[in-house]
Amino acid sequence: MGKAGMIALAAAAIAAAACGKAQIDDRKFSQAALDAALADPARKMDRDAADARRKPGELIAFAQVKPGDKVLDLIPGNGFWTRIFSKVVGPTGKVYAVWPQSYAKLATGNVATLRQLSADKYYGNIVTEVQPTTTLTAPEPLDVVWTSQNFHDYPDEFMGKGDPGRLAADAFNILKPGGTLMIIDHMAKPGRGLSDTDTLHRVDPATVLQIVERAGFHFAGETKVLDNPADPLDIPVFDKAIRGHTSQFAYKFVKP
């Protein structure tokens, strides 16, 4: 093959690689995929009992979770979000349900439930993992890291009094450029910082914003669908007067 032919082949290879990259980058949020995931018959109990207060349709649309995405659901509880993500991202996507060991040892029932989901072909794209420390890792670059009502746990004693800034930095490291970090949590009163994380299970949204931006993220906005003006913000989230109806912030951050 002559020099001209080799140049032509190289150009074709570059063009093909660029085309492949464009196909990946051109994936779009699909309202139809989200609607189908929310209507999943296997979610009937969640739809009846939790959707009205947890607003999954609004929040996932805000985060723009797409078919084919690789999503890490951090401290996923009983899998409320994990099940929806599984159906939104579809067979070309992946959902990692992850606990640090310090939390998992207090949530053995939840871990067992997610392991059962991982073993079920109906949820064949879910991988359940308990990680040995609070250092967050992933086996591949991710599109979304999602944590709901658990960012506030990281400074607490049962988690080893970890650094939420380290969590934000870990999320930054495992996300692709353009990837999304979504944080939903119970609001503390303005100015309280991290003071109420253990006693009230709340965190000051302004402090979260500072911590996450310091890790390199750009703030991409918020949605107030979980805002509740009736929440006094200074009682424990498990208080019967407010449990299940706390005022929560939902912040979206993007890795440049």
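## Spaces and helix packing in a predicted model

The residues L74, V145, T147, F151, L167, A168, A171 and L181 form the lining of the largest cavity. The structure described here is a predicted model, and the values below were computed from its atoms. The largest cavity holds about 30 Å³ of space, and by the rule used here the count comes to 1 cavity of 30 Å³ or more. Two elements, β4 (142-148) and α9 (164-174), each supply at least two residues of the lining of this cavity, and the largest share, 3 residues, comes from α9. Sorted by class, the lining of the largest cavity has 7 nonpolar residues, 1 polar residue and no charged residues.

The largest pocket is described in the same terms. About 880 Å³ of space lies in the largest pocket, and its lining is made up of 35 residues, among which R54, Y103, Q149, H186 and F238 lie nearest the centre of the pocket. The elements that give two or more residues to this lining are α3 (44-49), α4 (51-54), α6 (80-89) and β5 (175-186), and of the elements α3 gives the most, with 3 residues. By class, the lining of the largest pocket divides into 16 nonpolar, 13 polar and 6 charged residues.

Helix α6, which contributes to the lining of the largest pocket, also packs against helix α2 (residues 31-38), with axes that come within 8 Å, and against helix α5 (residues 56-63), with axes that come within 12 Å. Helices α2 and α5 in turn pack with their axes 11 Å apart.

| Helix pair | Axis distance | Angle |
|---|---|---|
| α2 and α6 | within 8 Å | roughly 140 degrees |
| α5 and α6 | within 12 Å | roughly 55 degrees |
| α2 and α5 | 11 Å | about 150 degrees |

How are α2 and α6 set relative to each other? Their axes cross at roughly 140 degrees, and α2 and α6 are therefore oblique to each other. The crossing in which α2 passes α6 is right-handed. On the side of α2 the contact is made by A33, L34, A37 and L38, and on the side of α6 by I84, K87 and V88. The residues of this contact divide into 6 nonpolar, no polar and 1 charged.

The axes of α5 and α6 cross at roughly 55 degrees, an angle that makes α5 oblique to α6. The crossing of α5 and α6 is right-handed, and the contact is made by P56, L59 and I60 of α5 together with F80, W81, I84 and F85 of α6. In the contact of α5 with α6 there are 7 nonpolar residues, with no polar and no charged ones. Residue I84 of α6 takes part in the contact with α2 and also in the contact with α5.

For the remaining pair, α2 and α5, the angle is about 150 degrees. Angles over 145 degrees count as roughly antiparallel, and α2 and α5 are therefore roughly antiparallel to each other. The crossing of α2 and α5 is right-handed, and the contact is made by Q31, L34 and L38 of α2 and by P56, G57, I60 and A61 of α5. The residues of the contact of α2 with α5 divide into 5 nonpolar, 2 polar and no charged.

A61 is found in helix α5, and A61 is 30 residues from Q31 in sequence, yet the two are 7.4 Å apart in space, C-alpha to C-alpha.

How values were computed:
Residues numbered from 1 in each chain as written. Predicted model: local features only at pLDDT ≥ 70, side-chain atom pairs only at ≥ 80, totals over all residues. Heavy atoms only, no water. 1 Å grid on protein atoms, 1.4 Å probe; cavity = no way out; pocket = protein on both sides within 12 Å on 5 of 7 lines; lining within 4 Å. Points joined across faces, edges and corners; volume = space filled by probe spheres on them. Helix = DSSP H or I, 4+ residues; strand = E, 2+ residues; numbered from the N terminus. Nonpolar A, V, L, I, M, F, W, Y, C, P; charged D, E, K, R; others polar. Axes fitted to C-alpha atoms, helices over the stretch in contact; angles between N-to-C directions. Parallel < 35°, antiparallel > 145°, perpendicular 65-115°, else oblique. Left-handed = near helix turned anticlockwise from the far one by under 90°. Contact = heavy atoms within 4.5 Å.
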